[in-house]
Each structure stands twice: as C-alpha cells, then as structure tokens.
Amino acid sequence: MADIGQKILKKTHIYLIIILVVASISTLLSTLIIYRNSLKASEESLKLQALGIAASLEPSLHDTHLEENIFRKIITEDSWEGIAFIALYDKNGLTLLHSNENLIGRRIASPEIRMSADEGTVTSGRMPLATGEEVFVLNYPIRSPDSLKVLRIALHTYPAQLITRSAKLQAVSISLTVLFLWIMGYFFIKAVRRSEQLASMMAERERLAVVGEMAAVLAHEIRNPLGSIKGFAQYLFEKGSEDKGDLGIIVDEAGRLERLTEDLLLYARPSEVRVEKFNLCDPVDEVVKLLAESDRAKQIPPNIKAAIPEDITMVSDREKLKQILSNLLQNATEAVNEQGHIKLGARRAGDNIIIIISDNGCGMDSETRSKAFNSFFTTKAKGTGLGLAIVDKLTRAMGGRIELESEPTKGTVVTMTLPLVLQTVNHE
Ligand SMILES: Nc1ncnc2c1ncn2[C@@H]1O[C@H](COP(=O)(O)OP(=O)(O)OP(=O)(O)O)[C@@H](O)[C@H]1O
Ligand SMILES: [Mg+2]
C-alpha cells in the first residue's frame, strides 16, 4: 500500500515538472513572439505614417521652383504629428529644401539616399539626431521629368515606443508569473517529498510494530519452555550427571537463546522514554559492577577506568542509558585482551553531555566499521549482532547521536552526545 502511494507521489512530481516546463516554454515563446510582433507593428506604423505624409507631399514637390519652404510651414503649423524633420535632396545628397532652413544647400553623404535615387525605391531605417535622439527615417524617391529627388521624412519614435514598452512590461510580468509558478512548484514538491518521507517513516514504524509484536509473542512462547530446559539442564549439571559436557552445552545455548529473545524484544519494541532525574555516576557504577559479574569478565577481568564528574545531573531515561552503556562496555571488553584497558569519560557541552568510551582492543577495519550499526551484523561466533543496533535506536530515542572511530589493532572510540534534559517527545 505504501509502495503504491509512493509511486503515485513520484508520478505527481514528474507530471508537475512536465506541466511546468511545457507551460513555461509555451508562455515564454508566445511572449517572445508577441514582443517581436509589437516591435514589427510599431516599425510598420511609423513606415505607414511616413509613407502617408510622403504621398501627400509628392505632388507639390514635382515643381522644381520651390519658392516657399513648405516643410518649415508643416513643422511650425504642426500639420502632422510626430515629425522630427522633412528634407528634400537631389541624388547627390545636396539639400534642396529642409524644415530647418540653416541646412539648405548642405551636402550629405547618405548611401540610403543614393540607393533610393538610383533604384527609385523607398528605403527606411533609423538614424540619430544631433540631440542624440534616434528617429525613424523614410527615403521616398520623387521623379519629375527633368530630375530625381529624394524626400526624407524623419519621425519621432516615442509614440511607437509606447507599444513596445507595454509589450516589454507584459513580457516582464509574464516572466515573473512563470518564476512565481516555479517557486510554488518547488515548495509544492518539497512538501510532497516531506509527506513521502513521513509516509515511509510511518510505514517503517508500522513494520517495526508488527515485528515487535511478533517478537513479544515469540519471546513469551519461547522463554517459558526455554527457562525449563535451562533450569533442568542446570539441575542435572549441578547434580553431577555423567554427561556434564553435553549438559554444559545445553545450558550455554539456552542462555544464548534467552539473550537473543531479549535483544530482539529490545530492538523491535517501540522505545517509549521514561524520564527521571539522576546523577550520571549512578547508572555508570551499576553497569560497571554488573559487567564485572559476567562470564567473560570472570575469565578476563576488564580493566575499566571510569572518570565521570560527580556533579552531572541528567533528566533522561536511566534504564535506556544503562542498556546503552552496558552494550558498549560489553563490546569493549570483548575487544580487549588481558592487557587491554577501557576508559569511560564524560563532559558537559552546553545542554548536552558527551560520553566517551574508548578501548585499546582489536579495533575494526573500515568495512566492519561501516556495518557495525546494522542489525544482525556480527563478527563474533556467539554474537547476535543487535548490540549496536539497539544502542543506535535507544540513543535516538533519547534525542542523542553516536559516532564511532576505530582502527584495526589500535582500538575503538565511541562518542555519544545526549541532551542533559530530555524533552518528552518521541525522537525515533
Ligand atoms: N569496541 C569494539 N571493538 C572492536 N569491534 C567492535 C567494537 N564494538 C563493535 N565492534 C564490531 O561491531 C560488530 C557489531 O557489534 P554489535 O554490538 O552490534 O554486535 P555483537 O557485539 O557482534 O553482538 P551482540 O552485541 O549482539 O552480542 C561486532 O561484531 C564487532 O565486529
Ligand atoms: Mg555487542
């Protein structure tokens, strides 16, 4: 069920991204086309206006005797809107008439005028004025029986610029809308991802709860007969039966099974925290004492040096901390030989306590180190491989984290950071 849900959510991502990409491309393309068309339209409208002016002036310009400066009159009377200047040139660029009388008689070198005169075609373009303003110019050939002249109409571009300016504004607002859509899409995908993670966390919890229930049933069903088997074997062993060796094996193996069922229960059950106030020295002393009574400790007494400041008070889950310390010290004692020593230290760091357990035992190679926290990973003949998995689970339940440094033959350092005061939310 969770898998199907995740697949649907993954597809939602892809569909959303496809929709966003297609919508963005088509919107930006159409904006670009509209913008380019508006540029074209503004140029065309200038050309049409200039052509209209040129066509209306043409008949009066066939007359070679231009006594009156009609161009000046047009400008001063403002007959047509938007005219910057009007000029009439001969084919060599000599100014025959100009709305600015001072320029009459001047010769200009303009390839456009020569082209209009030579080919008899209308040409248009843009040119800067002395003021720096850019104007639209139309070169219009005027044929008369005895000569060829070119009429130049120059128009201000600001009316046409209004069209392009609004197109530009439209393009900017559309681009901003697309950007906004992407930002929304980003946050939407982030929210979907988060809900995906939550869904998989929930699924994992459900799975663990089922496994936990199974483990509890198994533990209950196995523990009682196992207890009887171990008890009877122990009884026969102590009574002095003939086959002591085999009975010893039954007792050992039953003990191992007991530990396995207990570890399984610890690992699989949801860890509810029970917060109480305690001095850190107390659980440490208890664990160290308990460890000294273990079977292995009887063979190789562990050399544990605990140096815990006496004034560290914690408000946390005492039993879980004991379990964590017990598993870590157990590993350390199993890693060292007779000459080995184990150090247990602690220091405050702000609102946290840092507990360090180091040993100079066999250490781990990089592969073992990377798998050490995996459940059921063990390099020991009689290990369950649940020790560090339980440590990791309980540390997280206590709102802390754990780090492991190790080098083969040199030893291992485990650094655990825990909040001094555990807030009662489930950290799993
Ligand atoms: N202090 C250590 N020194 C060297 N190796 C270690 C140490 N602690 C853990 N390991 C390695 O990590 C493995 C996993 O440890 P973990 O405590 O999870 O399981 P285990 O000790 O093998 O079995 P269990 O604790 O369930 O009896 C160990 O088998 C061992 O190889
Ligand atoms: Mg272990």
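Select helix 1 (residues 2–61), which supplies the largest share of a nonpolar surface patch, five residues. Helices here are DSSP runs of H or I with at least four residues, strands are E runs of at least two, and both are numbered from the N terminus. The model is predicted, so expect its own limits: local features need pLDDT of at least 70, side-chain atom pairs count only at pLDDT 80 or more, and totals for chains, interfaces and linings use all residues. Residues are numbered from 1 along each chain as its sequence is written, chains are lettered from A and ligands numbered from 1 in the order in which they are written, and side-chain values use heavy atoms, with hydrogens and water left out.

Now show the side chains of Ile17, Val21, Ile25, Leu29, Leu32 and Trp182, which make up the patch of about 510 Å². Patches are built from residues with over 30% relative accessible area and no salt bridge; like charges are joined within 9 Å, and nonpolar side chains (Val, Leu, Ile, Met, Phe, Trp, Tyr) within 5 Å. The areas come from the Shrake-Rupley method with a 1.4 Å probe, and for residues only the protein chains shown count as cover. Leu29 sits in helix 1 and is partly exposed, at 46% relative accessibility. On this scale buried means under 20% relative accessible area, exposed over 50%, and partly exposed in between (1.4 Å probe, protein chains only).

Residues 12–35 are 100% helix and 0% strand, with end C-alpha atoms 34 Å apart. Residues 171–189 are likewise 100% helix and 0% strand, and there the end C-alpha atoms are 27 Å apart.

Color the two domains separately: domain 1 is 2–161 and domain 2 is 274–419. Their bounds come from an automatic or database domain assignment. How far apart do the C-alpha centres of domain 1 and domain 2 lie? The distance is 85 Å.

For another distance, pick Trp80, in the loop between helix 2 (70–77) and strand 1 (83–90). Trp80 is partly exposed, with a relative accessible area of 30%. From Trp80 to Thr424 it is 344 residues in sequence and 84 Å in space, C-alpha to C-alpha.

Turn to the charged side chains. A salt bridge is a side-chain nitrogen of Lys or Arg within 4 Å of a carboxyl oxygen of Asp or Glu, and the count by this rule is 13. Select Glu43, Arg126 and Glu134 to see a network of salt bridges.

In helix 5 (residues 244–268), Arg256 and Glu253 are three residues apart, so about one helical turn separates them. The closest N and O atoms of this salt bridge are 3.5 Å apart. Both partners are partly exposed, Arg256 at 26% and Glu253 at 34%.

Move on to Lys380 and Glu334, a salt bridge whose closest N and O atoms are 2.5 Å apart. Lys380 lies in the loop between helix 9 (366–371) and helix 10 (387–397) and Glu334 in helix 8 (residues 318–335), so the pair ties together parts that are 46 residues apart in sequence. Lys380 is partly exposed at 35%, as is Glu334 at 31%.

Stay in the loop between helix 9 and helix 10 and select Phe376. Its phi is near 70°, a positive value in a residue other than glycine. Then pick Thr368, which lies in helix 9 and is buried at 18% relative accessibility. Thr368 and Thr378 are 10 residues apart along the chain, with 8.7 Å between their C-alpha atoms.

Select Thr409, in the loop between strand 11 (401–407) and strand 12 (411–419). Thr409 is exposed, at 69%, and also has a positive phi, near 70°. A salt bridge joins Glu407 and Lys410 at 3.6 Å, N to O; Glu407 is partly exposed at 44% and Lys410 exposed at 59%.

Last, the cysteines. How many disulfides does the structure hold? There are zero, a disulfide being a pair of cysteine sulfur atoms within 2.5 Å. Select Cys281, which is buried at 15%, and then Cys362, which is partly exposed at 48%.
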